[in-house]
Each structure stands twice: as structure tokens, then as C-alpha cells.
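Student: Hi, could you walk me through this structure? I'd like to go piece by piece.
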Amino acid sequence: MTGQGVAGETRMLIDGRLVAAASGATFDNINPATEEVLGHVADAGAVDMDRAIAAARRAFDHTDWSTNRAFRRHCLEQLQEALESERELLRAELVAEVGTPVAVTYMAQLEWPLEEGLLWPAKEIEQFAWERELPSSTLAGMNSRRLVWKEAVGVVGAILPWNYPFEVMISKLGPIVATGNTVVIKPAPDTPWNATRIGRLIAERTDIPAGVVNIVTSTDHLLGEQLTVDPRVDLISFTGSTATGQRIMEKGAATLKRVFLELGGKSAAIILDDADFATVVPAGMSVCMHAGQGCAMQTRMLLPRSRYDEGVELITAAMQNVPWGDPTDPANLMGPLISARQRDRVTGLIRTGIDEGAELVVGGAERPAGRERGFFVEPTLFIGVDNSMTIAQEEIFGPVLTVIPYEDDEDAVRIANDSKYGLAGAIHSASTERGMAMARRIRTGSLAVNASLWYGADSPYGGYKNSGIGRQNGIEGFEQYLETKAISVPLV
Ligand code: NAD
């Protein structure tokens, strides 16, 4: 499992050209499953970021990009075709640099966003109500015809995470391009190649004009901050940790940046006492998918006290049998964490769980046996967790499930909402009506009742509370990249 044969694009896309960093610096791209160096990529500095921002500003201010809708649709369709032609190369690259199990690339890591992440907003270009007419008015002796126009915000700074890098990039790029903005994208340093590949495809296979999309790779997180403080950037679209999201808001305030923030979560799966436990409870091990590196993971399982022992037995068996290891093996659900830093963070939180008195029943070793290389952490299950414990409150971003008992439905709602986060969750019940009634009381941006999935390019995704501001995807996500202008002309 070396990721051999994966040869990534080393150059960035700035002002329509594939370029190295001005300094000539590069950094290594590491395979997290083997710790081997896959290759390298440009390590941009402030001067490169400055050029990218200038190019995006120029493309927005001095071309017809923001108003030429038919051309934008054409460009998105070209990019879709180009991406599809390199689908299998992308898959291998994602497995190698992200450490994602290949099975997950058939879901949100690649196939789902590839299917409609660009094409849904491209179609929306034709369908969206770019203009609407208000009733005419007579004020101050003037008869006015009144209109509302929707226009691109301007230059977007898009800052990406490493856990689902392609999915997040496509979910930003589609609506940003469809709405007529220009963009500077800064991928996470851990996963640069899928982004530089898209940069190369844009340069070589599409008519997207120079400066409209810029992709700047760097080990320096402060290049992200450069985007948030630069007055030429109008909006920051960020996916990542809550702490960084807060800093972006704070730093962006000086130039009154519009911000879209998709942040962390600590979502609850509520298993009601009438649920079919044998089916529903074992599925809780899906918290281990991609080693738990997903913001919408249901990392708190709420079990009714009346059926607690039965539930614990089922989830223990499921967590003991999670297929994990080599991400290139299609049978595996989880591979490694992205980096040594993340592994140490996760094992540190596991230690905190033990110290605070939670009962560890599966996993929990500092280093899994027989895994000298790779940033692996075992599937880990804590039971008897109190919702006030650190492991029930903090986003762990690892394969760790906490099981929390509750007394009655009222108590389940209280525990689920007792979180600074509000991203996702699930409710399982024999009665869909009972589940839906409870869903109205849960303070999260998305929720699945029984075996169902809200995901889609047309489905608004984002968080309540500390899980973020704004929505990605759907009409809400599309509009987020638009300004609103009220227009009046004399009524004739
Ligand atoms: P992070 O939020 O620090 O990094 C995400 C992106 O933000 C990267 O591209 C990074 O370069 C950039 N960035 C960092 N500091 C910045 C700044 N001051 N201004 C602008 N951009 C900046 O996340 P991380 O440190 O890689 O991971 C830490 C934790 O974040 C994880 O353990 C997890 O809990 C959470 N996380 C959440 C998501 C999510 O989808 N919600 C994704 C990744 C990580």
C-alpha cells in the first residue's frame, strides 16, 4: 500500500498559468498509511498569494465573467468532462494522499460530488431567479418600476480541509463559478494534489479565463489568513475547525468580510426505545468510516436506559468487527488518520476519556499492534459516558464512539442539544412520525430520521451554533455567493 504510480501535479494555478512558487520552494506530500513521501508540490509564499488575489480581482472587475451566464455553464460542463476523464487517477490519488479507504471514494469522497457537485449549480444558472419584479410604487411624486437583481459577490477566498478535500472543493467551486464570482482556493497542506490536478484541468481543458480560478498550495496556514485580511477579497468560504473559523471571523471583521463557515460537530444518534436495535445499533460503527474524520459523524450514541445493556452488547460487537487497515483494500471502512499530529490529538482525547471515568470497552491503544508505519488509531468505544465529559463535548475527529444512556424522550432531546455544536444527527424509531416529531426539537442543520440520507448538491448543509454560519449546497448555498441589488426606473 504505497500509493506508487500516483504522480501528482506539482504546480499551482495562478492567473491562468501553472506555476511553481516564486521562491522555488516545495513541500512533501505524505501518504498517511505508509508515511512515505509521494512527491512534492509548490510551497507558496505571501508574494504568490498576492498575485493570485490580484488576478482574481482583475478577472472579476475587468472581464464579463460575472455577467456571462451561458459561458459559465459551458465552462462548468467542460470541467465536469475533464474530471470524469481522470476519475480513476483521482481515486488513486485521494486514497494515497488522504488515506481514505477506496470504498469511501464510491461515496462522499469522490463519486457523490463528481456526480452533481458541478452540474447541479450549472443547471441552476438557467433556472435561478436572477431578477424579480416588485409591485410598482408611487413615492415622493415618482412612479417607479422596481426590480431586484442578484449579482456575484466578487472575489471569494476558499479555504479547504484535508478530510474530504475533493468533496469540499467541488461543493465550493460549483456554486462560486456558477454565480459569477472569481476565487482563490487554498487547499490544506496535507492534501494538495487533488486540488492541483483540478488546477491543471482548468488550465488545459477548459475555457475558464485567466484569474477566475486560482489555486495556491502552501505549508503556511497564514496564507489563509492573508485571504481573510486582504481588502480585495469579498467573501471567505471556509471548511475546517471551529477555532480557525472564529479566527477568520475576527480577522475578517476589519474589512467586513462576508463569511461562510462550515465547522465542527458532535452529532448525536438517538435510538428510541421502540427502534429495531438489531439493525440500528450496529450501524453506529459507521463513526469509524474514514477513521472518523468527518464533521457530520454521529459520535454520540444515545441509548434508552430501559434497553441499555442490549444496545451496548450490539455496538460492542460491531465496533470489534470494523474492517480497517490498508486503505487500498476495498473491504476496509477505515484507514489511517491524516497525520501524526491528528493521531496524537485523538489518542490524547482517548486518554482524557479514561481519566474522566468513561468505560473503555473497545480499542484505545496508543499504537495499534503490528502498525509501525502509518497514522492508525483503533476503533474505540466508550460506554457509560456522561454528556458533560470532554469526549462527549469535544470533536475528536477520530474513530471514537461514546455511548450515553438517557431516561426518557425528554432527556434524549436535552442531551442531544446539550452541545456547543449543532451540525447533524439521527433519530431511530419504529414510528417515523415519532422520529419526525423529535427531529423538530433538535438544534442541528441536518438530521436523518431512520434509514435515510439528506446529502445532495441540492441539499443545504451547514450548522447551528458553533458548527458554522451559512449553508453549502442547495439554493441557500448558491445564494450565499450572491449580493442583492434593488433597482428602480421611471414607470412608463
Ligand atoms: P484547521 O481548521 O486549522 O485547517 C483547515 C484549513 O484552514 C487549512 O487549509 C488551513 O491551512 C487553514 N487555516 C489554518 N489557520 C488559518 C487561519 N488562521 N486563517 C485562515 N486559514 C487558516 O484544521 P486542522 O488544524 O487541520 O484540524 C484540526 C481540527 O479541525 C480537527 O481535529 C477537526 O476537529 C477539525 N476539522 C474539521 C473539519 C470539518 O469538516 N468541519 C475539517 C478538518 C478539520
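Tutor: Happy to; we'll go through the sheet, some helices, the spaces inside and a few single residues. One thing to keep in mind is that this is a predicted model.

Student: Great. How many strands form the open sheet, and in what order?
Tutor: Seven strands make up that open sheet, and their order is 14-15-16-13-12-18-19. The pairing is mixed.

Student: And which are the edge strands?
Tutor: Strand 14 and strand 19; each of them pairs on one side only.

Student: What about strand 13 and strand 16, parallel or antiparallel?
Tutor: Those two run parallel, joined by five bridges. If you want a spot to look at, Leu 303 stands opposite Pro 405 in strand 16.

Student: OK, helices now. How many residues are in helix 11, and what length does it reach?
Tutor: Helix 11 covers residues 308–320, which is 13 residues. From first C-alpha to last it reaches 18 Å, close to the 18 Å expected at 1.5 Å a residue.

Student: Which of the residues in helix 11 are buried?
Tutor: Tyr 308, Gly 311, Val 312, Ile 315, Thr 316, Ala 318 and Met 319 are buried in helix 11. They sit on the same side of helix 11, because they cover an arc of only 165 degrees around the axis.

Student: Why would residues spaced like that point the same way?
Tutor: An α-helix has 3.6 residues a turn, so residues three or four places apart point the same way.

Student: What's exposed on the other side of helix 11?
Tutor: Asp 309, Glu 313 and Gln 320 are exposed there.

Student: Which residues are buried in helix 14?
Tutor: In helix 14 the buried ones are Asp 411, Ala 412, Val 413, Ile 415 and Ala 416. Their cover includes strand 12, strand 13, strand 16 and helix 15 (432–439).

Student: Switching topic: how many cavities of 30 Å³ or more are there?
Tutor: The structure holds four of them. The largest cavity has a volume of about 100 Å³. It is lined by 20 residues, and the closest to its centre are Ala 268, Ala 416, Ala 424, Ile 442 and Thr 444.

Student: What about the second largest pocket, how much space lies in it?
Tutor: About 250 Å³. Of the 13 residues lining that pocket, Ser 66, Thr 67, Arg 69, Lys 150 and Glu 151 are the closest to its centre. Helix 2 (69–85) and strand 6 are the elements that each give two or more residues to the lining, and strand 6 gives the most, with four.

Student: What is strand 6 joined to by seven bridges?
Tutor: Strand 5 (residues 131–139), which runs antiparallel to strand 6 (residues 142–152). Across that pair, Glu 131 stands opposite Trp 149 in strand 6. The hairpin has two residues between the strands, and in it Ala 140 takes a positive phi near 50 degrees.

Student: Last one. Is Asn 450 buried or exposed?
Tutor: Asn 450 counts as buried, because its relative accessibility is 18% and the cut-off is under 20%. The residue sits in the loop between strand 19 (448–449) and strand 20 (464–465). Leaving aside neighbours within four places in sequence, Asn 450 is in contact with Ile 427, His 428, Ser 429 and Thr 432.

How values were computed: Residues are numbered from 1 along each chain as its sequence is written. This is a predicted model: local features need pLDDT of at least 70, side-chain atom pairs count only at pLDDT 80 or more; totals for chains, interfaces and linings use all residues. Side-chain values use heavy atoms; hydrogens and water are left out. Two strands pair if DSSP finds at least two bridges between them. The expected span of a helix is 1.5 Å times one less than its number of residues. Buried means under 20% relative accessible area, exposed over 50%, partly exposed in between (1.4 Å probe, protein chains only). The arc is that of the directions from the helix axis to the C-beta atoms. On a 1 Å grid over the protein atoms alone, a cavity is a set of points where a 1.4 Å probe fits but cannot get out, and a pocket is an open set with protein on both sides within 12 Å along at least five of seven lines; lining residues have an atom within 4 Å of a point. Grid points are joined across faces, edges and corners, and a volume is the space filled by probe spheres set on the points. Contact means heavy atoms within 4.5 Å.
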